[in-house]
Amino acid sequence: MEEIRFRHTLPVQIRFSDVDQYGHMNNSVYFSLYDLAKTSYLRDVFGTLVWDKLGIVVANINADFLAPVFFTDQLEIETAVTHLGHKSFTLVQRAIDRVSGLLKCQCRTVMVAYDTVAKVPVELPEDFKRTVCAYEGKTLEELSLQG
């Protein structure tokens, strides 16, 4: 993945039930942690924005599992928007061991703007794009060209 500056970091706790019979975190748990961090990112970026009309849904998600996570690891999830399109945007997330700095997993998710009333994809509102750009410290052109 390209060099990304992550402004959003969320420490997460590994639960006893997250660890499988091999002593490491089950691969499916990463997606729950990434969802938790997505929610935290959106709250931090948009505050109390009401999501009753504009929703966002996952269109594609891919993860690269690079090193096992064990119960005693201290994980944090880093999140950044790396691309803004017309109807979609791309999030990159990483699971990092806070103590060693070791990258354990990285994930790329394409999210689509969705009208929750009409049940169809819609254009990302300009104020949505401006707010993301301000948080990420990038221009719309920079985030439109990346991806």
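The model is predicted, so I kept local features only at pLDDT of at least 70 and side-chain atom pairs only at pLDDT 80 or more, while totals for chains, interfaces and linings use all residues. Residues are numbered from 1 along each chain as its sequence is written, and side-chain values use heavy atoms, with hydrogens and water left out.

Entry on E136. I found E136 in helix 2 (residues 126-136), helices being DSSP runs of H or I with at least four residues and strands runs of E with at least two, numbered from the N terminus. E136 counts as buried because its relative accessibility is 3%, where buried means under 20% relative accessible area with a 1.4 Å probe and protein chains only. Setting aside residues up to four places away in sequence, I listed R5, R7, Y41, A80, V81 and L143 as touching E136 (heavy atoms within 4.5 Å).

Entry on the cores. I looked up the largest nonpolar core, which has 18 residues, and Y41 and V81 are among those with the most contacts inside it; such a core is a set of buried Ala, Val, Leu, Ile, Met, Phe, Trp, Tyr and Cys residues joined through side-chain atoms within 4.5 Å. A second, separate core of 15 residues includes M25 and C107.

Entry on D18. I placed D18 in the loop between strand 1 (8-12) and helix 1, and D18 counts as buried because its relative accessibility is 2%. Its side chain makes a polar contact of 2.7 Å with the side chain of R15.

Terms used
Buried < 20%, exposed > 50% of the residue type's maximum accessible area, 1.4 Å probe, protein only. Polar contact = N/O pair within 3.5 Å; in protein donor to acceptor, adjacent residues only side chain to side chain.
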